[in-house]
Amino acid sequence: MNLIIVESPAKAKTIKNFLGKGYEVIASKGHIRDLPKSRFGITVDEETHHLIPKYSVAKENAPTVKEIKEKAKKADTIYIATDEDREGEAIGWHIAHAIKKDPEELPRIVFHEITKTAIKNALKNSRKIDMDMVNAQQARRILDRVVGYKLSPLLASKIQKGLSGGRVQSSTLKLVVDREREIKAFVPEEYWSIDTVFKTNIDATLISHKGDKISKMSIANKEMATQIESSVKADNYVISKIETKERKSSTPPPFMTSTLQQTASSKLGFTPKKTMMVAQALYEGVKTPDGTSGVITYMRTDSLNMAKEAVEAVREVIEKKFGAKYLPKSPKSYGKKAKGAQEAHEAIRPTMLHFTPEMAQSFLKPDEIKLYRLIYERFMACQMEDARFEQQSIIFKGDENSFRASGRKLIFDGFYAVTGSEDKDKLLPTLKEGDKAELQSVKPEQHFTEPPARYSEASLIKKLESEGVGRPSTYAPTIATLSSRTYVSIEKKQIIPTEMAFTVTKILEDNFANIVDISFTANMEEKLDEVSEGKVDWQKLLYDFYFPFMEQIEAGKKNIVSLKVAKPLGRMCPKCGEHELLLRSGRFGNFIACSGFPKCKYTEQVDDEGNAVEVKVETSDEKCEKCGKEMIVKNGRNGKFLACSGYPDCKNTKSLESESKVSETPCPDCGGKLLFKQSRRGAFWGCENYPDCKFISKFEPTTIRCKEEGCDGVLAPRTYRNKEVYECVKCKARTPREDIDKEA
């Protein structure tokens, strides 16, 4: 019997389906040996100055290690088949040590995709564990542990409990804070445009006035705009030049991790974390007509390489489905895009081209099919012909002013046949050079320059990638960490730094400039890459960082002024009357609190200058049914609600809306009243007869029944992707609202 050790149970199950009875496949469930959670776990050798990690098996991983050991005893050959990246190489090395085996003696197999062919090829081409890759991962892990364990407690002691700092995290936070500083410092500049329409509804742009070229910022004020407007109206125009050129829209490259996260964010509304979770499932194995199989290649990659066999296969599909004119004469290849990209991997692509998105619809979950379609169509598109446009330009020339009108027409859709195009044709009428042209309207319009946009998750990942900060596996976790630590909030896809983010970044800039410096962080990534290539000794890399960094930590302990020192205000607490009030600094800014905390929890809000702000209490006519005290209106994350004024002695709450908001539509299940209710998960419509009737709907339902076969649900109007639809409250099938309204 042969034993194959992988990381995930889903992957183990998929691989087991491909192999016969002679193979046992078991999952380590990720890292089974790591630095300890409760202590630093690194010692410094006084003679060599090497940083020695003290790895251990966590308690929760002990049963897994025991199971692998037992199976390993019975195995003729033990294969390490963890992920093909640096992290996977190190996990395999740790597994070997955990089960008391020499890593040098265990065959290592890697594969870009989890298909029967790929697994069998990997078994034929095993190698040894790559210690350079293992040491690169060890170096990264130790660096991150040093920064996290030494910097985080310092920030917590000087600013606020619960804060953290990290090698990639802190430099990413500085990017976000710097962008917000730009926005706050931005001073809008006034400029004007002259919006002109020639007869036959041709929009034209002013390109010159009295021989001077006109750019976006040329017309600085109303006086200039008015003067030019008068000149434009008085001028006589002829069509001086008509130019037609062919332009190409180049095919997009296949996806790598960063571009997949960016595109899934903009087109599907997925967070980077969600994108990677869904992609992981598609990689590890899903149901297909041929059984459980991985349907995409490895999803943590910064390479644009594609297997020759895969490219040949997709070219055959393109020619068969679209015709020879959509197929380039030779396969397309794409160069390295990311700074410091590792070219050993493949780009993200489908593993089985016969498993089309249309076929996949019957096998995959809704989010899986969305992402799979994106990957499948992108791979098809990258090997198709470019789209071609005919671009037309018309110059209208007067004595003092010249205008340009531009049009565009798609003459060959190329890869748009797969991906679709949001660009609409803008056709210009047929005109002749030398003909007179008459103005239809002239309108000066005032504008102001806009500040730079805040980062979205997609644009921040793009920035990190271009700067070489982090690697494919770190983009999503880094953003998630910033959000979970309340350094940033994400509103309407914009990443907004909190006040705490500014405070922490300023302290790091003043005392740990290298940690938040983008070039330093990117350079460290390059050095880690050199370790994995055997060019740099990992212990030397650690030595060069550790000792100067520890000097910075010691200096920080002495020099950073604590922000946790509370300022006495000289007045007593109005609640307990025993302790003095203090001005404190918290996660969301300054506030006033009783010095008798935690026995007395009295607080006051303060304005930007530290002055107390009177908080008005909104009363109601209702009494608490539990203690008889007055109920007051409070604001929660799901809107207003009623709470007992006797809090914290009485913690009774009730919905403010549910008693007054009743749907005109009766409950479709029992005929009772539908009430609008609030819960910690959001607002919903529920039946008054709960728990006997458990009908629930996020949107107010109608009496229109769903027409999907086997479904007896009702439809509810809602907006989906900016379109008005009716959605079934049970099967979630959506129908355009105009279709239902026509039938009605």
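**Sheet and core packing in the predicted model**

In strand S2, Tyr23 is the bridge partner of Asn2. Strands here are DSSP runs of E with at least two residues, and helices are runs of H or I with at least four, numbered from the N terminus. The model is predicted, so local features need pLDDT of at least 70 and side-chain atom pairs count only at pLDDT 80 or more, whereas totals for chains, interfaces and linings use all residues. Residues are numbered from 1 along each chain as its sequence is written, and side-chain values use heavy atoms, without hydrogens and water.

Strand S1 (residues 2-6) runs parallel to S2 and is joined to it by five bridges. Pairing requires at least two DSSP bridges between two strands. The open sheet has three strands in the order S2-S1-S5, paired in parallel. S2 (23-27) and S5 (77-80) are the edge strands; each has a single partner, so one side of each lacks a neighbour in the sheet.

Helix H1 (residues 9-18) lies across S1 and S2, at about 165° to S2. Angles run from 0 to 180 degrees between N-to-C directions, with axes fitted to C-alpha atoms, for helices over the stretch in contact. Contact means heavy atoms within 4.5 Å.

The largest nonpolar core has 73 residues; Ile5, Val146, Leu151, Leu155, Tyr487, Phe512 and Phe549 touch the most other members. Such a core joins buried Ala, Val, Leu, Ile, Met, Phe, Trp, Tyr and Cys through side-chain atoms within 4.5 Å. Buried means under 20% relative accessible area (1.4 Å probe, protein chains only). Helix H5 (residues 131-158) supplies the largest share of this core, 10 residues.

Terms used. Buried means under 20% relative accessible area, exposed over 50%, partly exposed in between (1.4 Å probe, protein chains only).
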